[in-house]
Amino acid sequence: MRPSFKTIYMNLAKDLAKRSTCQRLQVGAVITSTDFRKVLAVGYNGNAIGFPNKCDQNVPGACHCLHGEENAIINCDAPRNTEKFVFTTHIPCPMCAKRIINLGGVKKVFFETDYRIQTALEYFQAVEIDYERI
């Protein structure tokens, strides 16, 4: 059976999450073009380059590692007006939702797993970014 692009990119996000050294939650993210023809950036949660590959602390919301979505946004050099889809293993945290919004051109966010805070969905609705649980 031929997999859909949504399945392929969500699987890529899940595979990227396996690179995370976070003890609590592994998150992967993929930013693509809306025609699914280009991967614009990828990311997973972890410490800054050159820092130890571990969380600074194991407190939810305070491990001080970069989030998967945040790393994908940092890695994305597509112009703001380029239309984008974001695939992430979990509903983004509120700050990553704001980062996704500020990335520009995001038309839809796909996610697979709930997150303990779901404010991101309200933020996306407020700025008319669609979202879909896969």
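**Buried spots and cores in a predicted model**

Author: Leaving out residues up to four places away in sequence, I100 touches E69, I73, V86, P92, V106, V109 and F124. Keep in mind that this is a predicted model.

Reader: What makes those residues count as touched by I100?

Author: Contact means heavy atoms within 4.5 Å, and I100 meets that with each of E69, I73, V86, P92, V106, V109 and F124.

Reader: Which residues touch the most other members of the largest nonpolar core?

Author: I31, C76, I100, V106, V109 and F124 do, out of 25 residues in that core. At least two residues each come from β1, β2, α2, α3 (94–103), β4 (106–113) and α4 (119–126). The largest share, four residues, is from α3. Apart from this core lies another, of nine residues, including V30, F36, F87 and F110.

Reader: Okay, on to N47. Why is N47 called buried?

Author: Buried means under 20% relative accessible area. N47 has 14%, so it is buried. You'll find N47 in the loop between β2 (39–44) and α2 (68–75).

Reader: How do you know that the side chain of N47 makes a polar contact with the backbone oxygen of P52?

Author: The cut-off is 3.5 Å, and the side chain of N47 reaches that oxygen at 3.3 Å. A polar atom of the N47 side chain also sits 3.0 Å from the backbone oxygen of K54.

Reader: And S20, buried or exposed?

Author: Buried: its relative accessibility is 10%, and the limit is under 20%. S20 is in the loop between α1 (5–17) and β1 (28–33). A polar atom of its side chain lies 3.1 Å from the backbone nitrogen of C22.

Key:
Residues numbered from 1 in each chain as written. Predicted model: local features only at pLDDT ≥ 70, side-chain atom pairs only at ≥ 80, totals over all residues. Heavy atoms only, no water. Buried < 20%, exposed > 50% of the residue type's maximum accessible area, 1.4 Å probe, protein only. Polar contact = N/O pair within 3.5 Å; in protein donor to acceptor, adjacent residues only side chain to side chain. Core = buried A, V, L, I, M, F, W, Y, C linked by side-chain atoms within 4.5 Å.
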